[in-house]
Amino acid sequence: MSTIKILHMYADMLDLYGDSGNMEVFSYRCKMRGIECIVDKYSIDSPMPDFSAYDLIYIGGGADLEQQHISADLLKCREGIAKAYKAGTFLFLICGGYQLMGKYYRDADGNDIPGLGLFDYYTVAPNSRRKRCIGNIVIKTNITGTPVEVVGFENHGGQTQGVKTPFGKVLYGNGNCSKSEAEGYCEKNVIATYLHGPCLSKNPEITDYMIGYCLSRSSGENITLKQLDDKLEKDCRSVMLQRLLKK
Amino acid sequence: MKRLQILIGKIIVKMLHLMKRNAGNLPGIVLWHISRHKAVSMFKVDCPIIAVTGTNGKTSVTNCIAQLFERSGKKIITNREGNNLDTGICSLLLRHCDMKGRVKADYLILETDESHVPVVYSQLKLDTLIVLDFFRDQLDRNGEMETLIQKINGFCKTFKGNLLLNGDDPNTARLGRANPDNKNIKYFHAEPYAYATNTVFEASEGRFCPFCGETLTYDYYQYSHIGKFHCPKCRFGNYEPYITASRIDLDKPVFTADGHTYSPKLNSIYNVYNMTAVAGAAKLYNIRQDIVDSVISSYTVKNGRMESFMLGDRKTTLNLAKNPVGANMTLRVMNEMKGEKELLFVLNDNVADGLDVSWIWDINFSIFERVTRVVTSGTRAYDIAVRIKCSGYDQANIFVRPDLDKAVEELAKTPGRKFVIANYTAVQPTRAALKRYISRNGGKTE
């Protein structure tokens with residue numbers, strides 16, 4: 001039986017808008033295919049893990065206070081995460097997790113929280129806490145090789161700039177900045193996005209892309225996944241697409 | 001100017017009444033605009049004001065406290081219909097004031113929305129503030145929960161009146177440190193009940209000490225993050241309770257507070273906390289014991305809060321769940337019940353619900369026991385179906401029926417015990433659909 005090892009970082013602190021549900025969806029889709037999925041947790045008190053031993057590292061989003069709490073700890077993990085990422089470990093990052101992998105996060109009071117600087121983008125929060133990008137969002141991504149419309153929910157103050165390779169094109173909602181065209185950041189082994197909902201709940205292609213990536217990388221072969229019955233997920237998404245995109 | 005504004009407000013109230021329309025919010029909204037957002041300060045209130053706030057339980061606790069004073073023969077003004085924003089409170093006072101804006105009563109008992117506490121009570125002198133709990137609820141309206149707590153904390157910094165706090169909720173209990181000069185801070189507390197756990201059972205917030213960042217230590221969890229906690233580093237949470245619920249037995253149901261045994265009608269740990277807050281308020285205002293007894297033992301709720309229906313001969317319980325805590329509570333009640341049962345979950349995402357439905361992922365569905373079928377409905381019927389499916393529940397037993405009448409028909413098709421969970425804007429349409437079913441097919445309402 002093949003196995004996927006996931007490190008879920010700060011699950012106890014960064015879990016807004018059902019972000020931990022992503023792990024539930026991921027595990028569920030593995031289980032239905034007989035793939036073993038091990039999710040280890042790392043948080044502030046944990047011993048330093050061997051990041052490179054994992055197929056995927058997952059970080060969710062949190063409120064400002066929680067993000068400040070973990071940022072110093074996350075910096076200590078910089079070297080380990082950078083090494084794993086360069087060796088091909090998949091990074092799946094939501095909201096706060098996305099922001100903290102960039103150069104810095106400047107909060108509403110003008111203080112900089114340093115990021116890991118793995119990527120070139122940076123995030124600036126608006127001066128007013130009221131100015132947030134909140135609502136349903138639809139993007140179109142090509143990460144899987146065929147265009148997929150991804151539906152989620154965004155709620156962020158931070159405006160992320162300097163993204164060269166976005167996760168998708170915004171069809172409805174805000175994206176990286178207020179009313180912007182691009183959403184998130186991606187590489188072949190990185191998905192960083194503001195989409196909550198949780199993100200994977202009605203976008204099974206994205207989960208399967210990551211599962212496929214992890215299995216292909218560890219086996220060295222191009223793995224084709226067994227199809228699952230996704231009728232509920234697809235109906236769920238099409239209800240939202242109808243509602244949000246109809247002219 | 002002030003008189004004119006009040007006159008305009010009163011005319012609107014009158015007109016709405018003549019048109020047989022509910023004057024819940026609109027007069028207040030108009031007054032709010034013409035007074036440049038200082039509407040509440042129009043009114044002159046000399047009697048003590050008691051405000052109840054928190055995520056869950058506001059309506060119950062407000063109604064019970066209102067009854068305490070009513071049965072004591074006092075003239076009270078209260079927002080029974082739950083219009084709890086500044087504009088709603090403003091409309092209420094408009095209906096009860098004279099042309100000079102004077103409000104005549106012995107007590108004002110006001111359910112107040114969490115985010116409106118500072119704005120309302122910076123303009124009206126508050127005698128007692130009761131804070132029940134803070135949970136994730138309608139996050140996209142209030143911004144993040146921390147911002148909300150900070151807002152109320154800011155108000156508490158200068159507040160010197162009675163502050164009655166849920167001492168078992170760290171999010172709430174922290175308000176007790178906002179003003180070190182306030183000598184009137186009181187905590188209500190409950191000892192563990194039969195289903196209290198040693199580890200946290202449902203997704204929760206507030207795991208860390210808000211003062212020093214240390215992980216909080218819990219002696220027990222009652223539900224979600226509510227339980228006996230303390231901070232091992234800065235001792236946050238070590239307080240002497242003002243009133244404690246003990247010997248809680250939900251099978252009867254009974255509990256004891258201040259040496260007195262109460263027999264409430266509702267058998268949830270929620271209700272024990274709410275009623276302990278009510279008993280705390282009664283203690284503050286020296287309400288006669290027989291009156292406290294009669295209020296606590298007779299209090300029951302309708303409007304989809306553990307409301308019973310018979311769909312033909314199928315016993316059905318409807319419960320409102322605005323957030324994961326409410327939903328988890330219903331699932332627990334459902335699980336603790338023997339025999340097979342079926343669930344209908346109605347999920348809407350209208351503005352008043354909060355547009356975001358991801359809170360359903362904080363509901364612990366993996367505990368399902370003997371649940372033979374699930375029907376889902378509402379504007380987000382598919383979201384809740386996917387959520388239940390991913391918890392490991394066989395999708396062959398999930399039936400999505402976005403139309404409510406079809407959903408109720410689907411639910412009633414098979415024999416056995418039924419549970420219905422509906423979120424905020426779904427609850428009234430769901431009641432209506434249940435009643436329509438009953439009028440077509442027989443059965444009865446409570």
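1. In strand β11 of chain B, B:Thr244 is the bridge partner of B:His189. Strands β8 (residues 185-190) and β11 (residues 243-249) of chain B run parallel and are joined by three bridges; two strands count as paired if DSSP finds at least two bridges between them. Strands here are DSSP runs of E with at least two residues, and helices are runs of H or I with at least four, numbered from the N terminus.

2. This is a predicted model, in which local features need pLDDT of at least 70 and side-chain atom pairs count only at pLDDT 80 or more, while totals for chains, interfaces and linings use all residues. Residues are numbered from 1 along each chain as its sequence is written, and chains are lettered from A and ligands numbered from 1 in the order in which they are written.

3. The open sheet of chain B has nine strands in the order β3-β5-β2-β6-β7-β8-β11-β12-β13, with mixed pairing. Its edge strands, each pairing on one side only, are β3 (76-78) and β13 (260-262) of chain B, and the twist from one strand to the next averages 15°.

4. Where chain B meets chain A, 23 residues of chain B are in contact with 26 residues of chain A, a contact being two C-beta atoms, placed from the backbone, within 7 Å. On the chain B side, α7 (145-156) and α12 (381-390) are the elements that give two or more residues, and α12(B) gives the most, with seven residues.

5. Chain A, for its part, has six helices and 14 strands.

Methods:
Axes are lines fitted to C-alpha atoms, for helices over the stretch in contact, and angles run from 0 to 180 degrees between N-to-C directions.
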